[in-house]
Amino acid sequence: MSALDKQRRKKLQAVVDRDYAYRSYYDDDIEVKGTGRCGFGVYAARQFQPGELVFEVTGQLINKKHYEGSEYVMDLHEDWYLEPSTPGAFMNHSCSPNCELVQLTDFSLGVVAICNIEAETEITFDYAWEAFDWNPKCQCGARNCRGWVVAQEEVKKMKRLAKGRKNKPR
């Protein structure tokens with residue numbers, strides 16, 4: 001058996017999404033749907049007020065000693081990561097987020113609105129990642145976009161890393 005090429009994988013993933021709905025989620029408050037620019041996202045199904053809990057992020061707890069991480073993993077505790085389940089796995093980054101993450105319990109995080117969020121608005125938070133050469137360019141579209149998915153204090157470091165990337169022979 002050979003590995004799937006990108007085109008075939010994309011076609012088959014569309015079948016999985018349509019027929020099995022692994023990436024879909026809906027309740028009276030939020031829903032997961034396509035963003036049109038960066039895969040899937042979590043959207044408000046109703047209005048949220050500042051300080052209101054939007055939803056609880058739960059998932060698999062993973063010891064930091066034995067895990068390299070993924071593009072979805074969230075920092076839960078000094079010893080633990082949280083690999084979120086749907087819908088939390090589909091929250092996107094924004095340099096101008098409308099939510100923040102707070103620790104609700106020993107095993108879960110809460111997504112809390114930091115401003116008024118109207119229905120049909122994408123729910124976002126600032127990933128605030130440390131700068132590494134693998135950080136992706138940001139696609140949030142905010143007026144204050146930092147250009148990369150990194151914390152504000154990591155922008156200078158990221159610029160140096162990005163400049164180094166351009167100067168490396170391929």
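**Reading strands, contacts and a pocket**

Trainee: In which strand is H93 found?

Mentor: H93 is found in strand 8; a strand is a DSSP run of E, at least two residues long, and strands are numbered from the N terminus. The model is predicted, so local features need pLDDT of at least 70 and side-chain atom pairs count only at pLDDT 80 or more, whereas totals for chains, interfaces and linings use all residues. Residues are numbered from 1 along each chain as its sequence is written, and side-chain values use heavy atoms, with hydrogens and water left out.

Trainee: Is H93 buried or exposed?

Mentor: Burial is read from relative accessible area: buried is under 20%, exposed is over 50%, and partly exposed lies in between, using a 1.4 Å probe and protein chains only. H93 counts as buried because its relative accessibility is 8%.

Trainee: Which backbone nitrogen does the side chain of H93 reach?

Mentor: One looks here for a polar contact, a pair of N or O atoms within 3.5 Å; within protein, one atom must be able to donate a hydrogen and the other to accept it, and residues adjacent in sequence count only if both atoms are side-chain atoms. The side chain of H93 reaches the backbone nitrogen of Y127 at 3.1 Å. Contact in the wider sense asks for heavy atoms within 4.5 Å. Leaving aside neighbours within four places in sequence, H93 has contacts that include Y127, C138, C140 and R146.

Trainee: In what order do the strands of the open sheet stand?

Mentor: Two strands pair if DSSP finds at least two bridges between them. Here 5 strands form an open sheet in the order 1-2-3-11-8, and the pairing is mixed. Strand 1 and strand 8 are the edge strands, each pairing on one side only.

Trainee: How many bridges join the neighbouring strands in this sheet?

Mentor: Strand 1 (residues 25-26) pairs with strand 2 (residues 30-34) over 2 bridges in the antiparallel sense, and Y25 has V32 as its bridge partner. Strand 2 and strand 3 (residues 40-44) run antiparallel and are joined by 5 bridges; V32 is bridged to V42 in strand 3. Strand 3 is also joined to strand 11 (residues 122-125) by 2 bridges, again antiparallel, with Y43 opposite E122.

Trainee: How many residues lie between the strands of each hairpin?

Mentor: The hairpin of strand 1 and strand 2 has 3 residues between them. That of strand 2 and strand 3 has 5 residues between the strands, and in this hairpin G36 takes a positive phi near 90°.

Trainee: Where does I30 lie, and which residue stands opposite?

Mentor: I30 lies in strand 2 and stands opposite A44 in strand 3. I30 counts as buried because its relative accessibility is 0%. Beyond four places in sequence, I30 touches residues that include Y25, V42, F48 and P87. The C-alpha atoms of I30 and T121 are separated by 9.8 Å, although these residues are 91 apart along the chain.

Trainee: Which side chains form polar contacts with that of S108?

Mentor: S108 lies in strand 10 (residues 108-113), and S108 is buried because its relative accessible area is 2%. Its side chain meets that of E56 in a polar contact of 2.6 Å and that of T105 in one of 2.9 Å. Outside four places in sequence, S108 also touches V57, T58, L76 and Q103, among others.

Trainee: What lines the largest pocket?

Mentor: On a 1 Å grid over the protein atoms alone, a pocket is an open set of points where a 1.4 Å probe fits, with protein on both sides within 12 Å along at least five of seven lines; lining residues have an atom within 4 Å of a point. The largest pocket is lined by 39 residues, and E71, Y72, Y127, W129 and V149 lie nearest its centre. Strand 9 gives the most to this lining, with 3 residues.

How values were computed:
Helix = DSSP H or I, 4+ residues; strand = E, 2+ residues; numbered from the N terminus.
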